[in-house]
Amino acid sequence: MAVMDSILEEELERLETLKKQYMAKIAKMPRGSISIKIKRGGKYVYLAYRDGKIIRTDYIGRLGSPKANEITNRIEQRRKMTSELKAINNDIKQLRKMLNVR
């Protein structure tokens, strides 16, 4: 059983390191969501996010512009990473239960 415990402990350490890496990457990415508004026949991209209790909306650019594409891609990457972080947190929780660690 000691071998199994050591393997689980190694996996727990690996996941905790991975969690820290994901959290650092997520912190550097823009937060919020993208909205596209149509004005005068053109499509424009806005970034909406919370600042305390206030919802802020920043203009990014025309739909298809390099800046709008970059922000949209980074928001999508953040969402994927957040989803993966939730899975990592669930795995850590299960491993801690298996090892009876708090």
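Modeller: Among contacts in the chain between residues at least 6 apart in sequence, 46% join residues at least 24 apart, where contact means heavy atoms within 4.5 Å. This is a predicted model, in which local features need pLDDT of at least 70 and side-chain atom pairs count only at pLDDT 80 or more, while totals for chains, interfaces and linings use all residues. Residues are numbered from 1 along each chain as its sequence is written, and side-chain values use heavy atoms, with hydrogens and water left out.

Biologist: What makes up the secondary structure of the chain, and what pattern does the chain follow along the sequence?

Modeller: The chain has 2 helices and 3 strands, which follow one another as α-β-β-β-α; helices (H or I, at least four residues) and strands (E, at least two) are DSSP runs, numbered from the N terminus.

Biologist: How do you know that the span of H2 agrees with its number of residues?

Modeller: The expected span of a helix is 1.5 Å times one less than its number of residues, so the 34 residues of H2 should span 50 Å, and the 49 Å between its end C-alpha atoms agrees with that. Just after H2, Asn100 takes a positive phi of about 55°.

Biologist: Why is Tyr44 called buried, and why does Tyr59 count as partly exposed?

Modeller: Buried means under 20% relative accessible area, exposed over 50%, and partly exposed in between (1.4 Å probe, protein chains only). Tyr44 has 18%, so it is buried, whereas Tyr59, at 46%, counts as partly exposed. Tyr46 has 12% and therefore counts as buried.

Biologist: What makes the pair of Tyr44 and Tyr59 tilted, and which kind of pair do Tyr46 and Tyr59 form?

Modeller: Rings of Phe, Tyr and Trp (its six-membered ring) pair if their centres lie within 6.5 Å, and planes under 30 degrees apart count as stacked, over 60 as edge-to-face and the rest as tilted. The rings of Tyr44 and Tyr59 have their centres 6.3 Å apart and their planes at 45°, so this pair is tilted. Tyr46 and Tyr59, at 5.5 Å centre to centre and 65° between the planes, form an edge-to-face pair. Tyr46 lies in strand E2 and Tyr59 in strand E3, so this pair ties together parts that are 13 residues apart in sequence.

Biologist: Which residues make up the largest nonpolar core?

Modeller: A nonpolar core is a set of buried Ala, Val, Leu, Ile, Met, Phe, Trp, Tyr and Cys residues joined through side-chain atoms within 4.5 Å. The largest one has 12 residues, including Leu8, Tyr22, Ile26, Met29, Met81 and Leu99. Helix H1 (2-28) and helix H2 (66-99) each supply at least two of its residues, and H2 gives the largest share, 6 residues. Apart from this core lies another, of 6 residues, among them Leu47, Ile60, Ala68 and Ile71.
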